[in-house]
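Here's a quick tour of a protein model, written for someone who likes to see the cut-offs. Have the viewer open and follow along.

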Amino acid sequence: MVAPNGVNHVAYCTRDMKAQLEFFTDVVGLELKGLFWMHGVEGAIHAFLRLNDDCCFSFVQTADADEREPVQGLTYPSWGGDAVAWGTLQHIALNVEDEAALLAMRDRIRAKGHQVSDPIPHGFCTSIYMKAPENILLEFSTMVRDFGEEEMDPEVVAKVGISSEELARMTGRAPVEA
């Protein structure tokens, strides 16, 4: 079966391309790989920052970016658990190699004068969180183990309305008998 194996790029809209590029190159340490007129979109600018050979972080600035004001809790979250309007990107998690790299990223961000959380363990991964310019919720994460059974909560599966057969299809595992 063919399936995605990572992120090619994730695009956020911005009204201040320069601020984003400065932040993501200086504070986060990404390399700008492309900055050009967006193909087929009059007046729009597209930027790509290298995460690795197969993955980029991207920004788009349209000609009318200043005309659309964000609404907290609707078009962007005020924190990681907030709901946002469907169809908008809630946050992006950027991968780091290991927990030492996570701590180094936290220290780098703080040294550049930005607030960032201490590492938060989530079982399968550990993450730090911050807000980039324009309230972009940014997570840096490292996997500490494979996903386990504890990441598949039966109560939540039931609340969503997924049958055991559907769950088996979605996960590639045999159905669980009730």
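## Strands and a hairpin

Strands β3 and β4 run antiparallel and are joined by seven bridges. (Two strands pair if DSSP finds at least two bridges between them; helices, H or I with at least four residues, and strands, E with at least two, are DSSP runs numbered from the N terminus.) With two residues between them, β3 and β4 make a hairpin. In β4, cysteine 55 is the bridge partner of asparagine 52.

On to β2: strand β2 (residues 31–37) is antiparallel to strand β3 (residues 45–52), with six bridges joining them. Opposite glutamate 31 you'll find arginine 50 in β3.

## Ground rules

This is a predicted model, where local features need pLDDT of at least 70 and side-chain atom pairs count only at pLDDT 80 or more, while totals for chains, interfaces and linings use all residues. Residues are numbered from 1 along each chain as its sequence is written, and side-chain values use heavy atoms, leaving out hydrogens and water.

## Aromatic rings

There are eight aromatic pairs in the structure. Rings of Phe, Tyr and Trp (its six-membered ring) pair if their centres lie within 6.5 Å, with planes under 30 degrees apart counting as stacked, over 60 as edge-to-face and the rest as tilted. Take phenylalanine 24 and phenylalanine 57: the ring centres are 4.7 Å apart and the planes sit at 40 degrees, so this pair is tilted. Phenylalanine 24 belongs to helix α1 (residues 17–27) and phenylalanine 57 to strand β4 (residues 55–61), so the pair ties together parts 33 residues apart in sequence.

Phenylalanine 57 also pairs with phenylalanine 59, this time edge-to-face, at 5.2 Å centre to centre and 90 degrees between the planes. How exposed or buried are these rings' residues? By the cut-offs here, buried is under 20% relative accessible area, exposed is over 50% and partly exposed is in between (1.4 Å probe, protein chains only). Phenylalanine 24 is buried at 0% relative accessible area, phenylalanine 57 is buried at 1%, and phenylalanine 59 is buried at 0%. Ring pairs link Tyr12, Phe23, Phe24, Phe57 and Phe59 into a cluster.

## Helix α2

The buried residues of α2 are Leu102, Met105, Arg106 and Ile109. Looking down the axis, these buried residues fall within an arc of 100 degrees (taken from the directions from the helix axis to the C-beta atoms), so they line one face of the helix. Their cover includes α1, β7 (125–132) and β8 (136–143). Exposed Ala100 and Ala111 are on the face turned away from the buried side.

## Arginine 106 and the helix ends

Arginine 106 lies in helix α2 and is buried, with a relative accessible area of 16%. Not counting residues up to four places away in sequence, arginine 106 touches Val116, Ser117, Asp118, Pro119 and Ile128 (contact means heavy atoms within 4.5 Å).

At the start of α2, a side-chain oxygen of aspartate 98 comes within 3.2 Å of the backbone nitrogen of alanine 100. Just after α2, glycine 113 has a positive phi of about 90 degrees.

Key: A polar contact is a pair of N or O atoms within 3.5 Å; within protein, one must be able to donate a hydrogen and the other to accept it, and residues adjacent in sequence count only if both atoms are side-chain atoms.
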